[in-house]
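The following note concerns ligand contacts, the metal site and aromatic packing. Please read each point alongside the model.

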Amino acid sequence: MNFDNTYKTLPPTFYSNTKPSEFSQPNLLAFNDELAKELGFDPDQYTSEELAKIFSGQILLEGSAPIALAYAGHQFGNFVPQLGDGRAIMLGEVLTKNSKRYDLQLKGSGRTVFSRGGDGFSALGPVIREYILSEAMYALGIPTTRALAAVETGDLVRRETVLPGGVFTRVASSHIRVGTFEYFAGKKDINAIKVLLSYAIERHYPHLKKDDALGFLKAVIEKQIELVSSWMSIGFIHGVMNTDNTSISGETIDFGPCAFMDKFSQAKVFSSIDQYGRYAYNNQGPILSWNMTRLAECLIDLVDVDESKAIDVLNETLSKIKPKFESTLNKKMTAKIGLNEEDNDLVAEFLEILEKEKKDFTLSFRNLGNGDFPEFEQKWVMRLIERGKKPDEILDQIKAVNPLYIPRNHQVEKAIQGALRQDLSTFQELNELLKNPFQFNPKLDRYKQEPTEDEIVCETFCGT
Ligand code: AMP
Ligand code: MG
């Protein structure tokens with residue numbers, strides 16, 4: 001891999017040099033060959049033992065210079081001035097042949113200066129979950145960080161019970177979060193915000209001038225609108241949309257207690273810690289707006305020397321989020337039934353039926369036209385005709401936007417339970433299946449089923 005570590009050229013307050021912990025017997029559970037090759041890394045040159053050692057931090061690749069990044073964040077609405085990589089270590093930035101830059105990061109590799117009371121480790125469960133979900137997200141065509149490797153460490157971690165430990169290798173277009181800006185804003189370190197802004201612009205929005213704070217905010221907003229509306233169009237609930245889990249690149253990041261819905265419900269929450277539904281399915285739009293407001297606050301001094309002018313300009317930008325988000329989401333949702341934004345009334349009606357009849361979100365959209373909802377379908381076909389569309393042709397078209405397979409929570413849970421017994425079959429089958437979520441897979445089709453009553457997983461835990 002061609003390491004080129006630019007974050008380390010930023011002031012020392014941005015990060016801390018850190019070494020990954022030692023583990024007794026790292027064992028490779030999954031490795032993403034395709035992604036590795038994209039990164040210029042040929043896994044065939046290494047044994048599985050070597051890969052396990054590299055991707056648990058026991059062997060450092062040449063050019064790697066591990067650091068933990070500083071950031072703050074609003075967690076469930078409360079500002080925490082210092083979070084940072086408490087259980088993650090960035091190995092470095094990799095430049096690909098096509099000049100794309102990616103961060104390579106280990107999660108669960110031990111304590112850092114940001115660990116506070118935590119042990120810096122990760123249980124195996126969250127490693128398996130993030131591996132499956134991030135790769136599924138990628139195959140669904142939604143911006144996301146990706147999974148390069150999953151390693152079992154051979155050591156135990158203490159949570160509510162004692163569990164096998166794991167290390168996850170994440171690949172991200174960067175790890176700059178809204179919370180990174182908040183870290184320096186919290187310290188009133190305007191110079192640092194300027195440095196960060198210019199770095200972030202160069203890395204993600206190079207068409208902008210390096211001090212264009214307003215342009216930057218607008219660009220991040222656009223990415224976030226695209227991201228969150230895409231999540232909702234496939235029934236995804238992030239679970240912890242804190243500002244420290246909001247990437248300024250617009251990628252899905254920090255797959256914790258996240259999940260795809262089975263039965264549709266607007267107010268669905270998975271996370272065990274989300275008691276009041278702050279991050280419920282249908283609250284993700286308002287929360288995106290809330291998070292962007294926190295970013296805007298960090299940029300006030302950079303937008304205009306006259307504070308009240310700056311606030312006016314920022315407010316005007318923020319006020320456009322809601323209508324833009326709704327319109328983007330409506331476009332994506334109406335595309336799921338082969339129509340356009342103006343036909344959103346039909347989507348609303350369909351969602352109401354799903355919620356009332358407790359139907360599966362994914363399969364109901366996928367099977368539209370099969371006669372499961374005769375009354376609605378009649379109306380829908382009339383509308384298609386009204387809009388000059390041929391219902392037969394539409395069926396193929398909507399199959400291209402409505403996935404057949406998603407990483408269902410009960411299957412992810414089975415993959416985790418299997419891995420804990422050294423049985424990786426469900427983990428591997430899910431990874432295989434979810435590479436092509438829109439395509440019928442006769443061998444693994446059983447994974448499309450929604451959970452039976454006793455398979456339902458009501459809550460997911462972040463596993464920290
Ligand atoms: P998360 O909820 O995973 O986004 O993490 C929020 C913050 O808690 C981040 O600063 C993490 O690095 C930190 N954290 C989570 N789990 C641990 C752990 N086991 N040890 C140390 N820090 C942790
Ligand atoms: Mg996080």
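This is a predicted model: local features need pLDDT of at least 70, side-chain atom pairs count only at pLDDT 80 or more; totals for chains, interfaces and linings use all residues.

1. A polar contact is a pair of N or O atoms within 3.5 Å; within protein, one must be able to donate a hydrogen and the other to accept it, and residues adjacent in sequence count only if both atoms are side-chain atoms. In ligand 1, an oxygen atom is 3.1 Å from an N or O atom in the side chain of Asn245. An oxygen atom of ligand 1 also lies 3.2 Å from a polar side-chain atom of Arg116, and a nitrogen atom of ligand 1 is 3.3 Å from a backbone N or O atom of Phe121.

2. Residues are numbered from 1 along each chain as its sequence is written, chains are lettered from A and ligands numbered from 1 in the order in which they are written, and side-chain values use heavy atoms, with hydrogens and water left out.

3. Around ligand 1 there are 18 residues (a heavy atom within 4 Å). Gly84, Gly86, Arg87, Gly120 and Asn245 come nearest. The shell comprises three nonpolar, eight polar and seven charged residues; Ala, Val, Leu, Ile, Met, Phe, Trp, Tyr, Cys and Pro count as nonpolar, Asp, Glu, Lys and Arg as charged, and the others, Gly among them, as polar.

4. Asn245 also takes part in the metal site: the magnesium ion (ligand 2) is coordinated by Asn245 (OD1) and Asp254 (OD), at 1.9 to 2.2 Å. Donors are N, O and S atoms within 2.8 Å of the metal (3.2 Å for Na, K and Ca); water is not among the atoms, so the site may look incomplete. Both Asn245 and Asp254 are buried (under 20% relative accessible area, 1.4 Å probe, protein chains only).

5. The structure holds 23 aromatic pairs (Phe, Tyr or six-membered Trp rings with centres within 6.5 Å; planes under 30 degrees apart are stacked, over 60 edge-to-face, the rest tilted). Tyr7 and Tyr199 form an edge-to-face pair, 5.4 Å centre to centre with 80° between the planes. Tyr7 precedes strand S1 (15-17) and Tyr199 belongs to helix H5 (residues 190-204), so the pair ties together parts 192 residues apart in sequence (helices, H or I, of at least four residues and strands, E, of at least two are DSSP runs, numbered from the N terminus).

Technical notes: Buried means under 20% relative accessible area, exposed over 50%, partly exposed in between (1.4 Å probe, protein chains only).
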